Amino acid sequence: MKKLVLTGGGSAGHVTGNIALLPKLKQAGWAIEYIGSHDGIEKEIIAETGLPYHGIAVGKLRRYFDLKNFKDPFRVLQGTWQAYRLLRRIKPKAVFSKGGFVAVPVVVAAWLNRIPVIVHESDLTPGLANKLSVPFASKVCVTFPETLQHLDPQKAVHTGSPIRHEILEGNAERGRSFCGFTPSKPVILAMGGSLGSVKINDALRANLDSLLQRFQIVHLCGKGNLDPALEGRSGYRQFEYVSGELPDLFAMTDLCISRAGSNAIYEFLALKKPHLLIPLSRAASRGDQILNARSFEKQGYSHVLFEEDLTAESLLSAVNETYDNQDQHIAAMNRSTTGQAVEIIFNLIQQTAKK
């Protein structure tokens, strides 16, 4: 049986793309195992799939001064040795990496074992982890066409973002039943990424009285960010994180408020959901979400509110403007030709594994 190792972690976005490939790979007879960190979010998410999971040591490579920078390179070396031994035992035909720092030791270990590697870059410009991984890769899949200019044309392939098929199969009535919502009032789905966003949470909650006059709100606020004082508020439901219910929540949603991670925004595009993007600021990131958001804004898919401009007042104004202009955004998204990423990546894996 053909074996494939998947890797990627640190955030849900580095895992969901891998999960999107599973049905197609399993149908083709691939035996799949996963390598991630010992205690990252990827371990929790992959546990739900039933895939064999292997944890390795992980060290984050930071662009800023931190005392951990002195010890984390040794953790990367330790993780590379652990991944090397795992790959020698598993003997996969290929490794597919969705990125994140956990993936770097696995990619290097695969190269040392002469196992072909395919890397997927989610954002418009490659992140540090993927910059380190790309020299060891046979192929590099990119989400945005603009990314091709940053990579070796012999390696880079524009695939788009792999979307989980189940995201497209939600049921709005189940979603409303789960939240206790009525079909007579539009729904906002607010999410700040897998870890949540305090700034988005605060601005949204500051506007609850105004927003609930027009909308019902389901709020995915991130671990540890629930507000007990808001429990039982009519028209408002809050959850730290949802998994199996997410397709149903999407199905009932009329407007999304979100960070601008590429996996999330490509799911909005696939679902044709009007959305307001609030990308992470440059002060809190390398600016990748800003580039993602600008690309989608340029194509007419998104309304963008930059975090530097985020206040309770600006959020309320942007939500109403996005909802009022939803037909224009939906029309632009309907003109999109994306949606074949799973098929393209699957074929790349098949071809690369045969070499």
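The following legends describe close-up views of a predicted model.

**View A. The sheet of the predicted model comprises 7 strands**. The sheet is open, and its strands pair in the parallel sense in the order β3-β2-β1-β4-β5-β6-β7. Strands β3 (53–56) and β7 (156–158) stand at the edges; each has a single partner strand, so one side of each lacks a neighbour in the sheet. From one strand to the next, the twist averages 25 degrees.

**View B. Strand β1 (residues 3–7) is largely enclosed by the rest of the structure, because 4 of its 5 residues are buried**. Strand β1 is joined to strand β2 (residues 31–37) by 5 bridges, and the two run parallel. Strand β1 also pairs with strand β4 (residues 94–97), in the parallel sense, over 4 bridges. Residue V5 has E33 as its bridge partner in β2 and V95 as its bridge partner in β4.

**View C. Helix α1 (residues 13–27) forms part of a β-α-β unit**. Together with β1 and β2, helix α1 makes a unit that is right-handed. The strands of this unit, β1 and β2, are themselves joined by 5 bridges.

**View D. Strands β5 (residues 117–121) and β6 (residues 139–142) run parallel**. The two strands are joined by 4 bridges. The bridge partner of H120 in β6 is C141.

**View E. Helix α4 (residues 103–112) packs on the sheet**. Helix α4 touches β1, β2, β3, β4 and β5. The direction of helix α4 makes about 155 degrees with that of β4.

Methods:
Residues numbered from 1 in each chain as written. Predicted model: local features only at pLDDT ≥ 70, side-chain atom pairs only at ≥ 80, totals over all residues. Heavy atoms only, no water. Buried < 20%, exposed > 50% of the residue type's maximum accessible area, 1.4 Å probe, protein only. Pairing = 2+ DSSP bridges. Right-handed = clockwise from strand over helix to strand, strands pointing away. Axes fitted to C-alpha atoms, helices over the stretch in contact; angles between N-to-C directions. Contact = heavy atoms within 4.5 Å.
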